[in-house]
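Where do the paired residues sit, and how exposed are they?

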Amino acid sequence: MNIRKSIMTPNKQTVHNYMEAFKAIDHEAILACLTDDVIWHIPGTFTISGKEAFDKEIENENFTGKPIIEVIRMVEENDIVIAEGTVQCKLKDGPILNLVFCDVFHMQDAKIKQLTSYLMNTAASNH
């Protein structure tokens, strides 16, 4: 990410920490970024509530290995942080899934209270 830490607000720092933890599949670090009553919504896929349900979705059974996540841009207004980027992950049946994402984070006291993830598959390959 090309954002200097010195200009990060507490909300952006939390989102940065969340993304770094997701790259490492570090459940404890991811959950530390969330409110207890967090809601995660991926339109057309699922909506889950609470840290326990969130924890179960960190490592989806359809994927293997760690995702490659690149945040291209992060913007903030009031208690909303929007992160745009790319993610690449390997499906268990072999192909690599290439996605672009736009995540909308609703923040409360520098923690993620609600996350809406908009995902689009850009290409699948067999590499």
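**Salt bridges across strands and within a helix**

Arginine 73 is partly exposed, at 44% relative accessibility. The model is a predicted one. The partner of arginine 73 is glutamate 84, and the closest N and O atoms of this salt bridge are 2.3 Å apart. Glutamate 84 belongs to strand E4 (residues 80-91) and arginine 73 to strand E3 (residues 63-77), so the pair ties together parts 11 residues apart in sequence. Glutamate 84 also counts as partly exposed, with 33% relative accessibility.

That bridge is one of five salt bridges in the structure. Another joins aspartate 37 and lysine 113, with 2.7 Å between the closest N and O atoms. Here the strands are E1 (residues 34-42), which holds aspartate 37, and E6 (residues 111-125), which holds lysine 113; the pair therefore ties together parts that are 76 residues apart in sequence. Aspartate 37 has a relative accessible area of 42%, so partly exposed is its class. Lysine 113 is partly exposed as well, at 29%.

Now turn to a helix. In helix H1 (residues 10-24), lysine 23 and glutamate 20 lie three residues apart, about one turn of the helix. Their side chains form a salt bridge, at 3.0 Å from N to O. Lysine 23 has a relative accessible area of 28% and is partly exposed. Glutamate 20 is partly exposed too, at 36%. Partly exposed means between the 20% limit for buried and the 50% limit for exposed.

Note on methods. Residues numbered from 1 in each chain as written. Predicted model: local features only at pLDDT ≥ 70, side-chain atom pairs only at ≥ 80, totals over all residues. Heavy atoms only, no water. Salt bridge = Lys/Arg side-chain N within 4 Å of Asp/Glu carboxyl O. Helix = DSSP H or I, 4+ residues; strand = E, 2+ residues; numbered from the N terminus. Buried < 20%, exposed > 50% of the residue type's maximum accessible area, 1.4 Å probe, protein only.
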